[in-house]
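Try each task before reading its solution.

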Amino acid sequence: MAPTNYSRFIRFLQEELSISGASLSIAFRHSKQDPGPLPMILWQYGLVTLEQLDRIYDWLEQA
């Protein structure tokens, strides 16, 4: 993902889905230990719901 899209993605997570910076930090930390797509890591650790996960993938398709 290009840096501008990545910034927009993080902003979407925080502003549209109300995911806290602390939750994102947890996900980033876990992604270093267990590489995988950030949306899946957020879901695996209970930081987003299935509905939010669907919205994330919809956003990524459009980006």
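Axes are lines fitted to C-alpha atoms, for helices over the stretch in contact, and the angle between two N-to-C directions runs from 0 to 180 degrees. The model used here is predicted.

**Exercise 1.** State how confident the prediction is, and which elements have the lowest and the highest mean pLDDT.

Solution. Then go to the elements: the lowest mean, 92, belongs to helix α1 (residues 3-15), and the highest, 96, to helix α4 (residues 50-62).

**Exercise 2.** Describe how α1 and α4 are arranged and which residues make their contact.

Solution. Step one: the two axes come within 11 Å and cross at roughly 155°. Step two: angles over 145 degrees count as roughly antiparallel, so α1 is roughly antiparallel to α4. Step three: the crossing of α1 past α4 is right-handed. Step four: α1 contributes N5, R8, F9, F12 and L13 to the contact, and α4 contributes R55, I56, W59 and L60. Step five: sorted by type, the residues of this contact are 6 nonpolar, 1 polar and 2 charged.

**Exercise 3.** Locate S18, describe its phi, and decide whether S18 is buried or exposed.

Solution. Step one: S18 sits in the loop between α1 and α2 (21-33). Step two: the phi of S18 is positive, about 55°, although S18 is not a glycine. Step three: exposed means over 50% relative accessible area. S18 has 62% relative accessibility, and therefore counts as exposed.

Definitions and conventions: Residues numbered from 1 in each chain as written. Predicted model: local features only at pLDDT ≥ 70, side-chain atom pairs only at ≥ 80, totals over all residues. Heavy atoms only, no water. pLDDT = per-residue confidence, 0-100. Helix = DSSP H or I, 4+ residues; strand = E, 2+ residues; numbered from the N terminus. Parallel < 35°, antiparallel > 145°, perpendicular 65-115°, else oblique. Left-handed = near helix turned anticlockwise from the far one by under 90°. Contact = heavy atoms within 4.5 Å. Nonpolar A, V, L, I, M, F, W, Y, C, P; charged D, E, K, R; others polar. Buried < 20%, exposed > 50% of the residue type's maximum accessible area, 1.4 Å probe, protein only.
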